Amino acid sequence: MRWSDLHIIEPTLFNFYHGIELSLKALLVAKGEPIEKIHKLSRLLELVNSHYDSKELSDFYGAYLLTERQNTGTDLFSMAAQSNPTSHPLDNRSPQ
């Protein structure tokens, strides 16, 4: 496998958004809500916003999530999976 930063971005994004999911669920548990099998981050944020009256909290998570109003049909994971690693400008560098 040739070196490419694109081989790192997918697991990094997955872990980042999984961390957001878990922290949103932790906020719900702190308010006594049962954990549902929800993985849609915008829905989890709506539930958190219904229990917390905090603009800072909403803005913090909202900065990383697409809400239904913002959704342009673009999926970061699909974009990364469909991208061509040979077209990446750093693809031809050798690992250090």
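**Helix packing and ring pairs**

Tutor: Helices α2 and α3 pack with their axes 10 Å apart, at an angle of about 175°. That makes α2 roughly antiparallel to α3. This is a predicted model, in which local features need pLDDT of at least 70, side-chain atom pairs count only at pLDDT 80 or more, and totals for chains, interfaces and linings use all residues. Residues are numbered from 1 along each chain as its sequence is written, and side-chain values use heavy atoms, with hydrogens and water left out.

Student: Why is α2 called roughly antiparallel to α3?

Tutor: The angle between N-to-C directions of the fitted C-alpha axes runs from 0 to 180 degrees, and the label applies over 145, with under 35 being roughly parallel, 65 to 115 roughly perpendicular and the rest oblique. The angle of α2 and α3 is about 175°, so α2 counts as roughly antiparallel to α3. In contact (heavy atoms within 4.5 Å), L45, V48 and N49 of α2 meet L57, S58, Y61 and G62 of α3.

Student: What makes α1 and α2 roughly parallel?

Tutor: The axes of α1 and α2 (residues 41–51) cross at roughly 30° and come within 9 Å, and the two helices are therefore roughly parallel to each other. Among the residues making the contact are Y17, I20 and L24 of α1 and L41, L44 and V48 of α2. Helices here are DSSP runs (H or I, at least four residues), numbered from the N terminus.

Student: How many aromatic pairs does the structure hold, and what makes the one of F16 and Y64 edge-to-face?

Tutor: There are four aromatic pairs. The rings of F16 and Y64 lie 5.2 Å centre to centre, with 75° between the planes, whereas pairing asks for centres within 6.5 Å, and planes over 60 degrees apart count as edge-to-face, under 30 as stacked and the rest as tilted. This pair links distant parts of the chain, 48 residues apart, with F16 in helix α1 (residues 6–30) and Y64 in the loop between α3 (55–62) and α4 (76–82).

Student: Why is the pair of F60 and Y61 described with the word edge-to-face?

Tutor: The ring centres of F60 and Y61 are 5.1 Å apart and the planes stand at 80°, so this pair is edge-to-face.

Student: How do you know whether Y61 and F60 are buried, partly exposed or exposed?

Tutor: Buried means under 20% relative accessible area, exposed over 50%, and partly exposed in between (1.4 Å probe, protein chains only). Y61, at 7%, therefore counts as buried, whereas F60, at 48%, counts as partly exposed. F16 is partly exposed, with 37%, and Y64 is partly exposed, with 37%.

Student: Which residues do ring pairs link into a cluster?

Tutor: The cluster consists of F16, Y17, F60, Y61 and Y64.

How values were computed:
Phe/Tyr/Trp six-rings, centres within 6.5 Å; stacked < 30°, edge-to-face > 60°.
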